[in-house]
Amino acid sequence: MRSLVILPSLLLLGALAQHDWTYTEGPRDETHWHEEYPTCGGDRQSPIDLQRRKVQYNPALKALNLTGYDVRGGDFSMINNGHTVQISLPPTMRMTTTEGTEYVALQMHFHWGGASLEISGSEHTIDGFRYVAEIHVVHYNSKYGSYDVAKDAPDGLAVLAALIEVKDNAENTYYSNFISHLKNVRYSGQSTVLSGLDVQDMLPQNLRDYYSYWGSLTTPPCTENVHWFLLADTVQLSKAQIWKLENSLLDDHNKTIRNVYRRAQPLNDRVVEANFVYHSNYQHALGSELRFYLRKIDGKLDELMSFIEKRAKRRGWYH
Ligand SMILES: *[C@@H]1O[C@H](CO)[C@@H](O)[C@H](O)[C@H]1NC(C)=O
Ligand SMILES: *[C@@H]1O[C@H](CO)[C@@H](O)[C@H](O)[C@H]1NC(C)=O
């Protein structure tokens, strides 16, 4: 067991004051978040239910460029913040989108269920189906230089998310180190150190295909400045690993942290895009692809026309 730090009680009190919202039913549960945090009642909230038939295939979206994700060495601090377990990430981990926006990693954390047997706890759902758990890798836009500045900027944040499934008895060894450290952060405010972490290995194998939309933080203050990237492929953990995630941590009242997910929020007029084709949508997808290439050709035709006109003028064919 490595170093185990209990925060001074003053700090802990500060943390308590900040974390006065809950997932469990009561006067501070998610139906009341907007009373203290008005943005939580906004119309671009997360998570959402992804309805695959309504997702728009966008062939212009390329794979995310993830750099520094496969770091192995180094110490990573891991904390029980009373709502989840959170691992601090080094700023050398970066994610660049198709448009060229570069995001710097800050932390990753999990959402899970487990309040009674077989209760799932992912935040995003696919066609109404809730997965067992969800991992969020939180980033800020590098142009703001720090999370503190970026967290209030309209294009400040991006989250790379993945859904977790149970695969009966196959232990996912990329999670063994993380899961064995959960017991070191049993109490809210406790932290420990993970030596060595490969976030890339903790993500799904296929890092290319994703859904993307604009939404919010899924916890107060629910700021609506998050570019979401939900990977289409999933992570598989064994039943025993999921059980440890669902049963190891206690909140500020020494109650087991369970069912830490927010319900799906209305999509409203937003569009979810994907950079891959969902098979039932293939006709629609072919149409999108055709339009995409026609637009490209159209642009090229204009270029070609003006090129020919210039030549013709130079040759004096017309004035
Ligand atoms: C990915 O980003 C890194 C660092 O910004 C850059 O050096 C590399 O060329 C990029 N790779 C691709 C395929 O765009
Ligand atoms: C939680 O349990 C620990 C260890 O038994 C104890 O020190 C702490 O005071 C408890 N906290 C609450 C809020 O009951």
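The chat below goes through the predicted model of one protein chain.

Q: What kind of model is this, and what pLDDT do local features need?
A: This is a predicted model: local features need pLDDT of at least 70, side-chain atom pairs count only at pLDDT 80 or more, and totals for chains, interfaces and linings use all residues. Residues are numbered from 1 along each chain as its sequence is written, while chains are lettered from A and ligands numbered from 1 in the order in which they are written.

Q: What is the mean pLDDT of the protein chain?
A: The mean is 89, and 91% of the residues reach 70 or more; pLDDT is the predictor's confidence in each residue, from 0 to 100.

Q: Where is the pLDDT below 50?
A: Over residues 1-17. That stretch has 18 contacts in the model beyond near neighbours in sequence, a contact being two residues whose C-beta atoms, placed from the backbone, lie within 7 Å.

Q: How many helices and strands does the protein chain have?
A: Seven helices and 17 strands. Both are DSSP runs numbered from the N terminus: helices are H or I with at least four residues, strands are E with at least two.

Q: What box do the C-alpha atoms fill?
A: Roughly 85 × 45 × 40 Å, taken along the principal axes.

Q: Which domains is the chain divided into?
A: Domain 1 is 4-276 and domain 2 is 279-319. The bounds come from an automatic or database domain assignment. The C-alpha centres of the two domains lie 43 Å apart.

Q: What share of the residues is buried?
A: 36% of the 319 residues. Buried means 20 or more other C-beta atoms within 10 Å of the residue's own, exposed means 12 or fewer, and partly exposed is in between, with C-beta atoms placed from the backbone.

Q: Which residues touch the most other members of the largest nonpolar core?
A: I135, V159, A161, V199 and Y211, in a core of 68 residues. A nonpolar core is a set of buried Ala, Val, Leu, Ile, Met, Phe, Trp, Tyr and Cys residues joined through C-beta atoms within 7 Å. Strand β12 (residues 157-166) gives the largest share of this core, eight residues.

Q: What does V159 touch?
A: Leaving out residues up to four places away in sequence, V159 touches H136, V137, V138, H139, V226 and W228.

Q: Moving on to strands. Which strand does β5 join through five bridges?
A: Strand β13 (residues 190-195); β5 (residues 75-80) runs antiparallel to it. Within that pair, S77 has V193 as its bridge partner. Two strands pair if DSSP finds at least two bridges between them.

Q: How many bridges join β5 to β6?
A: Three, again antiparallel, with β6 covering residues 85-88. M78 stands opposite I87 there. The two strands form a hairpin with four residues between them, and G82 in the turn has a positive phi of about 95 degrees.

Q: What is the order of the open sheet of three strands?
A: β2-β9-β10, with mixed pairing. β2 (49-50) and β10 (129-130) are at the edges with a single partner strand each, so one side of each has no neighbour in the sheet. β9 (residues 125-126) pairs with β10 in the antiparallel sense over two bridges, and I126 stands opposite F129.

Q: Which residues of helix α6 are buried?
A: Q241, I242, L245 and E246, in a helix of residues 239-247. They are on the same side of α6 because they cover an arc of only 135 degrees around the axis, the arc being that of the directions from the helix axis to the C-beta atoms. These buried residues pack against β8 (102-112), β11 (133-141), β12, α4 (176-180) and β16 (235-237).

Q: Where are the cis peptide bonds at P47 and P221?
A: S46 and P47 are joined by one with omega of about 0 degrees, and P47 is in the loop between α2 (33-36) and β2. Another joins P220 and P221, with omega of about 10 degrees; P221 is in the loop between β14 (210-215) and β15 (226-231).

Q: Is N254 buried or exposed?
A: N254 counts as exposed because it has 9 C-beta neighbours inside 10 Å. Its phi is positive, near 60 degrees, and N254 lies in the loop between α6 and β17 (273-274).

Q: What about the phi of N268?
A: N268 has a positive phi of about 55 degrees although it is not a glycine. N268 is in the loop between α6 and β17 and is exposed, with 10 other C-beta atoms within 10 Å.
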